[in-house]
Each structure stands twice: as structure tokens, then as C-alpha cells.
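Subject: Handing over the structure, with notes

Dear colleague,

I am passing this structure on to you, and I would be grateful if you could look through it with the notes below at hand.

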Amino acid sequence: RVLELTGCAASMVVSSRSYADFTPEATFDIKKVDLHRLEEGPPLTATLTREEGLKYYRTMQTIRRMELKADQLYKQKIIRGFCHLYDGQEACAVGIEGGITLSDHLITAYRAHGYTLTRGGTVREIMAELTGRRGGIAKGKGGSMHMYTKNFYGGNGIVGAQVPLGAGVALACKYLGNDQLCVSLYGDGAANQGQIFETYNMSSLWKLPIIFICENNQYGMGTSVERSSASTEYYKRGDYIPGLRVDGMDVLCVREATKFAADHCRSGKGPILMELQTYRYHGHSMSDPGVSYRTREEIQEVRSKSDPISMLKDRMLSNNMASIEELKEIDIAVRKEIEDAAQFATTDPEPPLDDLCSHIFATDQPFDVRGATPWTKLTSTS
């Protein structure tokens, strides 16, 4: 009984701690960025407010838990088809968003769940999309690779094809003169695609406000960067385009580099290229166990030494910017949100068959082709 009362008293002390007890802001040393065709780069320090830290922590933890739940649902055969998970790379998405605004534009490849969340999608909408349900962010028609929100142009399944699309968005920004930019992301596995180099050329000629970002997670589809690329210095691949190589496991490093790159674009200097050195914990996709071309020990070492969530957590705790109890409360709230979303994603109805032909045309004109006239008369039998 005495122990119970002592425990209650301790919890009351914790809950009674006011915001004034915590450090509202701290400055941290961050890793130096490697530069290409640049005389100056991002700063070597980054200032973090308590509010920003808690926000970054919650978002990264939400992405991590969402991806782990997706892994579980896939193994239960509730999620089907392609599914590329983002856990391990959370600092990239959260750091990039910290360096631009939601009025800027973003397009990425098929490892897109994290960006769908940071661009304004909800966990419930994302999970329901993964299970192909009507409440999904693309009404159950897109699945893992094709999710969209305002100023976010997806998840794209064709390797490297989103890069020229991003240049088109950047051209629109320049044409409209709205001081916006486009972030166009691709992986190390797509970095050797010819269309990427064609896009570098056009973007440089037209001085487009575009940040090319190579998320180098060390492995493509079953092979290491060393075996697939004659040059693994992806930040230099733009040749005449300035480049930055950044620690992609540190959210503050990514944020400061993105701010620097955004300022470069908005000042009319044209495109800039960033390589984020990161790591994926899962395999390339759910069909890849991820341990045939790398060791479990390697994955565990990255988790123990460079995990983006642990790094932020340690910084905040060691500088009295948050308490362990407070972060645990966030973890519990995130887990509940994920479980609620998973429940919705497994009970929400699938879209009816007659939805198959909707959203093809802006108007409701019939779809006449090869005897399917009109498709809209199809009805579900299930």
C-alpha cells in the first residue's frame, strides 16, 4: 500500500511538471555536409525548439508504427500486391518537410507511405488504401504505390519516371511565378535511369526551382550500391548541378540541408541535388526478406547506432527538452491511433465494381471501347 501511494505521488509530481520546467530551445552540432560545385553549404549547427522536437518525434514514430503494422497485415494476407515499407528512413521525410512548406510540391517513387502522412494524409486513410478499401486516400484504387494529397503527386511505380514529372511541376511553378518549388525524390536504384539525366539537363537549361533528392538507402532491389553503380557519389551525378551529401538518419541534418537547397531554388539559381544517406530496415518490398544480400548483424548495427528516432529522443532527453514519461505517452497514443486505423482498414467495405470506371473522365461521358459500353453498368455480385 505504501508502494502504491509512493507511485501515485511520483506520477502526480511528473504530471504537475509545467512547460517551464523544460528547455524550450537548444542548439546542436550536426554532421558536415559534403559539397559539389558549392563554395558554402548548410550550417554546422541546428536549433530545435521543444515544440518542433515533439512534433518530429510523433511523426517519425507514427510512420515507424504504421509500417510495422503494414508488415503484419501483409503477412496475414490482408494487404496484397506490392508494398514497399519506409521504416528506417523516417528522418528523410520529416526533415524535408521541416525545410519546405506544404504549399511547395513533392513527388516520390513507390516507397511513399511516409510522405503521404507528412503531406497531410491520415493514418486511417493510408491503412485503408493499403487494404483496398473505400475509405482509402485514393478510394481503394491506388494501393501502396499510388497515394495522393494536395501538392503531393504520389507514389509512382515506374522506376525513375517521377523525376521528369517533378520537373514539369517545377516548370509550372516558374511559369506561374508563385515562389514555390518541387521536391523530386528517387532511390539509389533509380539513379542510373537515363530519364533522370535528361531531366537534369532540361532543369538546368531552364533554371527550374527543383530539388532532386536521391534517398540512398544503400540497396536497390536485392543488390548493394557498390554492385549497381560505377560511381556511388550520387550527389555529384548532376555534374553541372550543385550537390549536397547529407546524413539522412539525422532529422536536423536533413532539415538544414533542405532549407539551404530551398533557398538556392527560390533565389533563381535553378536546380540542386541532394543525396540523403539513409537505410531501410525492411527488404526492398514485402517479397524480399532483405537478408540474402546483407546480414542481420548489419541491420542491427544500424538500428543500435544510427536510428533516427532514437537519435532525436536522446537529444531531447539529454537536454531536458522532454521527459521519458511524456515520450512514452506519445508512443501509447501513436500505437492506439495505428490500431484504430488497422481496425477501420479491415472492416471498411471494398469499393463496388461500378466504381471501376469512375474518375476516368472529368465529365460523365460513356467509355466506349472494345465492347465495354458503358462500363458504368457493371455491378458488384459480392
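This is a predicted model: local features need pLDDT of at least 70, side-chain atom pairs count only at pLDDT 80 or more; totals for chains, interfaces and linings use all residues.

Residues are numbered from 1 along each chain as its sequence is written, and side-chain values use heavy atoms, with hydrogens and water left out.

The sheet

Helices (H or I, at least four residues) and strands (E, at least two) are DSSP runs, numbered from the N terminus. There is an open sheet of six strands with mixed pairing, and its strand order is 2-7-8-6-5-4; two strands pair if DSSP finds at least two bridges between them. Its edges are strand 2 (34-36) and strand 4 (105-107), each of which pairs on one side only. On average, neighbouring strands of the sheet are turned by 20 degrees against each other, with direction ignored.

Strand 8 (residues 272-277) is mostly covered, since five of its six residues are buried, where buried means under 20% relative accessible area, exposed over 50% and partly exposed in between (1.4 Å probe, protein chains only). Strand 8 pairs in the parallel sense with strand 6 (residues 210-216) over six bridges, and also in the parallel sense with strand 7 (residues 243-247), over five bridges. On the strand 6 pairing, Ile211 has Ile272 of strand 8 as its bridge partner, and Cys214 has Glu275.

Two helix pairs

Two packed helices are described by the angle between their axes and the distance between the axes. Here axes are lines fitted to C-alpha atoms, for helices over the stretch in contact, and angles run from 0 to 180 degrees between N-to-C directions.

Helix 2 (residues 50-75) packs against helix 3 (residues 90-99) at an angle of about 140 degrees, with the axes 9 Å apart. That makes helix 2 oblique to helix 3, given that angles under 35 degrees count as roughly parallel, over 145 as roughly antiparallel, 65 to 115 as roughly perpendicular and the rest as oblique. The contact (heavy atoms within 4.5 Å) is made by Tyr56, Thr59, Met60, Ile63 and Arg64 of helix 2 and by Glu90, Ala91, Val94 and Gly98 of helix 3.

Helix 5 (residues 123-130) and helix 12 (residues 324-347) have axes that come within 8 Å and cross at roughly 40 degrees, and they are therefore oblique to each other. In this pair, Val123, Arg124, Met127 and Ala128 of helix 5 meet Glu337, Ile338, Ala341, Phe344 and Ala345 of helix 12.

Most residues other than glycine have a negative phi. Lys139, however, has a positive phi near 60 degrees, and so does Asn151. Lys139 is placed in the loop between helix 5 and helix 6 (162-176), and Asn151 lies in the loop between helix 5 and helix 6 as well. Lys139 is partly exposed, with a relative accessible area of 47%, whereas Asn151 is buried, with a relative accessible area of 15%.

With best regards
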